[in-house]
Amino acid sequence: MWAWFHKWSSPRWFYQLSGTLLPWLAVISLAALIVGVAWGLMFVPPDYKQGNSFRIIYIHVPAAAVAMAGYLLMATAGAISLIWRIKLADMVLKCAAPIGAALTFLALVTGAIWGKPTWGTWWVWDARITSVLVLFFLYIGIIALYEAFDNKEAAGRASAILALVGAVNIPIIYWSVEWWYSLHQPASISFTGESSIHPQMLRPLLLTITGFYCFFGWVLLLKVRNEILHRERSTRWVRDLILSR
Amino acid sequence: MYFETVAELLAMDGHGPYVWAAYGITFATLVWLVAQPLVAKRRQLRELRGFLRRTEGA
């Protein structure tokens, strides 16, 4: 188990493994996104209540879901880097933050654009939307905190602690539509029972959700690999790698 | 296809501007997300080559 753990956390090994994974993630995410978006925009019938504005669901829900899952990944990486001082975990924390921030931004913006024709307003200060705004500020805070330190080890520790403390916001976002009265509609996809969304509308949504998850993985690997090359630039394997190409 | 013509697809019964704006912003953001590390990598490889040449004194 420990041998496995150490092998996994070795930047060199991770660089090689991610290199073989990268093209797969790219192809799956692009294919799922293109098919899912075309299907959702052109072939699914409009919602009987919301009309065509509901088509924003195919980007809004995946962006929000991956923004939250990405935060959990980042907080977990923060915990691993705090407890075991694993460099790779610190790199994942640093690289995941800007992707998560961008996806949270997308969830907020597409939500606002969807809200205007549906609720008659761009923005309401209700529990769901406000807690996602807090998520956005957490991401921005982690990026800013990381940049604020000259000592990168201290930067990693401080950001990891902020990421862990902020993780309390994730269950709040998730259950906000049930705990408080809200304009925001509750979840349409259920893992335990029957989903309240029609299968015809659900299928492209599952595709775009898959596409966004793979996209996150793709961009995260690209960023982490850059970070590895930068931090390991004085090692022999990076030297051999650079000179061999 | 649900829509009969391209004009109908663009108009989406009046919801077109909202839907297309949301998709446009998303598309631009995703392109930026993936382009940024790719550009950074090219720059980094160039700098690393220079760095290695200097440190090796070659």
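## Basis

Residues are numbered from 1 along each chain as its sequence is written, and chains are lettered from A and ligands numbered from 1 in the order in which they are written. In this predicted model, local features need pLDDT of at least 70, side-chain atom pairs count only at pLDDT 80 or more, and totals for chains, interfaces and linings use all residues, while side-chain values use heavy atoms, leaving out hydrogens and water.

## Nonpolar core

The largest nonpolar core holds 88 residues. Such a core is a set of buried Ala, Val, Leu, Ile, Met, Phe, Trp, Tyr and Cys residues joined through side-chain atoms within 4.5 Å. Buried means under 20% relative accessible area, exposed over 50%, and partly exposed in between (1.4 Å probe, protein chains only). Tyr71(A), Met74(A) and Leu103(A) have the most contacts inside this core. Helix α4 of chain A (residues 87-119) gives the most to it, with 18 residues. Helices (H or I, at least four residues) and strands (E, at least two) are DSSP runs, numbered from the N terminus.

Tyr71(A) reaches well beyond its sequence neighbours within four places: its contacts (heavy atoms within 4.5 Å) include Leu135(A), Leu138(A), Tyr139(A) and Ile142(A). Leu162(A), Ala163(A), Gly166(A), Ala167(A) and Ile170(A) are also in contact with Tyr71(A).

## Annotated spans

An unreviewed UniProt entry annotates "transmembrane region" at residues 21-44, 56-84, 96-115, 127-149, 161-181 and 201-222 of chain A. UniProt positions follow the numbering used here, feature names are shortened, and annotations may be inferred rather than shown by experiment.

Residues 56-84 of chain A are 97% helix and 0% strand, with end C-alpha atoms 42 Å apart. Residues 161-181 of chain A are 81% helix and 0% strand, with end C-alpha atoms 32 Å apart.

## Surface patch

Tyr174(A), Trp175(A), Trp179(A), Trp180(A) and Phe191(A) make a nonpolar surface patch of about 660 Å². Patches use residues with over 30% relative accessible area and no salt bridge; like charges are joined within 9 Å, nonpolar side chains (Val, Leu, Ile, Met, Phe, Trp, Tyr) within 5 Å. Areas come from the Shrake-Rupley method with a 1.4 Å probe; for residues, only the protein chains shown count as cover. Trp175(A) sits in helix α7 (residues 169-179) of chain A. Trp175(A) is partly exposed because its relative accessibility is 36%.

## Salt bridges

Six salt bridges are found over all chains. Each pairs a side-chain nitrogen of Lys or Arg with a carboxyl oxygen of Asp or Glu within 4 Å. In one, the closest N and O atoms of Lys87(A) and Glu232(A) are 3.2 Å apart. This pair spans 145 residues, from helix α4 to the loop between α8 (199-231) and α9 (236-243) of chain A. Lys87(A) is partly exposed at 48%, whereas Glu232(A) is buried at 9%.

Lys94(A) and Glu227(A) form another, also with closest N and O atoms 3.2 Å apart. That pair joins helices α4 and α8 of chain A, 133 residues apart. Lys94(A) is partly exposed at 27%; Glu227(A) is buried at 12%. Asp90(A), Lys94(A), Glu227(A) and Arg231(A) form a salt-bridge network.

## Positive phi in chain B

Most residues other than glycine have a negative phi. Met12(B) has a positive phi, near 50 degrees, and Asp13(B) has one near 55 degrees. Met12(B) is buried at 0% relative accessibility, while Asp13(B) is exposed at 66%.
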